[in-house]
Amino acid sequence: MSKKINIISYLKTTSKKYPNKKAFIINNQNISFSKLYEKVKELSNGMRINGVKKKDKIKVVSNNSLEYIFIFYALADIGAVMIPLNTSLGTKDLIQQIKFT
């Protein structure tokens, strides 16, 4: 029987194999695989405590940042679905997007 691999198990394995290697570089900020895994687990645990659960749909308004990556992985760890909203929309269009997604 083969072991089930998902994005979080892959991140965990990579964080052990290459703990100090840069996982992402965004806007002159970078994070190692081990620090990324640590942040993701911390955030996903906090989300669970606050009621986020598997199959929940979570809308996210964020520019490209390390925090966006943390949210993406944390929601994947929980099994929730991330719905990214378009940050370049005006207020009226963004409200419409929130209502209908």
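Predicted model: local features only at pLDDT ≥ 70, side-chain atom pairs only at ≥ 80, totals over all residues.
User: Great. Which residues are exposed on the other side of H2?
Analyst: Those are Glu-42 and Ile-49.

User: And which residues of H2 are buried?
Analyst: Phe-33, Leu-36, Tyr-37, Val-40, Ser-44 and Met-47. Looking down the axis of H2, you'd find these buried residues within an arc of 95°, so they line one face of the helix.

User: Nice. What span should H2 have, and how far apart are its end C-alpha atoms?
Analyst: H2 covers residues 33–49, and its 17 residues at 1.5 Å each should span 24 Å. Its end C-alpha atoms are 24 Å apart, which agrees.

User: Switching to rings: how many aromatic pairs are there?
Analyst: The count is two. In one of them, Phe-72 and Tyr-73 have ring centres 5.4 Å apart and planes at 85°, so that pair is edge-to-face. Ring pairs join Phe-24, Phe-72 and Tyr-73 in a cluster.

User: Is Tyr-73 buried or exposed? And what about Phe-72?
Analyst: Tyr-73 counts as buried, at 13% relative accessibility, while Phe-72 is partly exposed at 36%.

User: Which charged end sits over the ring of Tyr-18?
Analyst: That's Lys-21, 5.6 Å from the ring centre.

User: Last topic, strands: in what sense do E3 and E4 pair?
Analyst: Strand E3 (residues 57–60) and strand E4 (residues 81–84) are parallel, with four bridges. From E3 the chain passes through helix H3 (residues 66–78) to E4, making a right-handed β-α-β crossover.

Technical notes. Residues numbered from 1 in each chain as written. Heavy atoms only, no water. Phe/Tyr/Trp six-rings, centres within 6.5 Å; stacked < 30°, edge-to-face > 60°. Buried < 20%, exposed > 50% of the residue type's maximum accessible area, 1.4 Å probe, protein only. Lys NZ or Arg CZ within 6 Å of the ring centre and 35° of its normal. Pairing = 2+ DSSP bridges. Helix = DSSP H or I, 4+ residues; strand = E, 2+ residues; numbered from the N terminus. Right-handed = clockwise from strand over helix to strand, strands pointing away. Expected span 1.5 Å × (residues − 1). Arc of directions from axis to C-beta.
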